Every structure is written in C-alpha cells, then in structure tokens.
Amino acid sequence: MSRISSEAVKPPNKGLGKEKSKISSFLTLYTLVQCTRDLSELNCAQCLAIAIGNFPDVCPNRRGCRVLYSSCYVRYELYPFFFPLDPQESLDHSSEDDKSFMVLKP
C-alpha cells in the first residue's frame, strides 16, 4: 500500500495508484488508492496514510476491504476489481468468503 500510495501522489498519476501482487502461487492481491484531484500531493499522501492506517481497526482478518473518505479511497481485494484486466482474469468471485467490508467517513 505504501508503494502505490507514493506512486499515486506523483503529478503524472493524478492521484491514482493501482497494483496487483502475487502473494502466493494461488493468490493475487489487487490494490487501488485514489485521491480527488483537488488535493495537493501532501494532502493526498496524508489522506491515504490515514485510510491505510485504519485497515487494522476496520478490516481485521478480511479478504478485502474499502475505506472511503471524502477526498480519498483505498481498497484491496483478492479478486480483480479494476480495469483493464488481463485476458485470463475474470470477475467471478461469488464465493461467500470473498465478502468485503466498507467504511464511509465524512
């Protein structure tokens, strides 16, 4: 998360960072961070850091999670949820174990 957050705050990326990481031979972690375009680099970094810092409290032991603030958004899942997807990936994630948790903050 720290790596894609630092990428998101760079001006060419316009507040968006996304990545997929192999965490085992069977699991891939998909992560996305995003800030509204009105935020400065510093404010975007601070918002993302706060949102990511809340994961242990709001998403303990979850397979996926979203934290949404008014100016930034952070999400991770064990299935692809952002585009473009690789051709071999699908959006079929109907398992009950893949439920994610969302926290909305003003």
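**Close-up 1. The disulfide of C59 and C65.** C59 and C65 are both buried, where buried means under 20% relative accessible area, exposed over 50% and partly exposed in between (1.4 Å probe, protein chains only). These two cysteines form a disulfide with their sulfur atoms 1.5 Å apart, the term standing for a pair of cysteine sulfur atoms within 2.5 Å. The model is predicted, so that local features need pLDDT of at least 70 and side-chain atom pairs count only at pLDDT 80 or more, while totals for chains, interfaces and linings use all residues. Residues are numbered from 1 along each chain as its sequence is written, and side-chain values use heavy atoms, leaving out hydrogens and water.

Close-up 2. C47 and C72, both buried, are joined by a disulfide with a sulfur separation of 2.0 Å, and the link is left-handed, with -85° about the S-S bond. This pair connects distant parts of the chain, from C47 in helix α2 to C72 in strand β4, 25 residues apart; helices (H or I, at least four residues) and strands (E, at least two) are DSSP runs, numbered from the N terminus. A disulfide also joins C35 to C44 (S to S 2.0 Å), and this link is right-handed, with 90° about the S-S bond.

Close-up 3. C44, C47, L48, A51 and I52 are buried in α2. They lie on the same side of the helix because they cover an arc of only 130° around the axis, taken from the directions from the helix axis to the C-beta atoms. The face turned away from the buried side of α2 carries the exposed residues L42 and I50.
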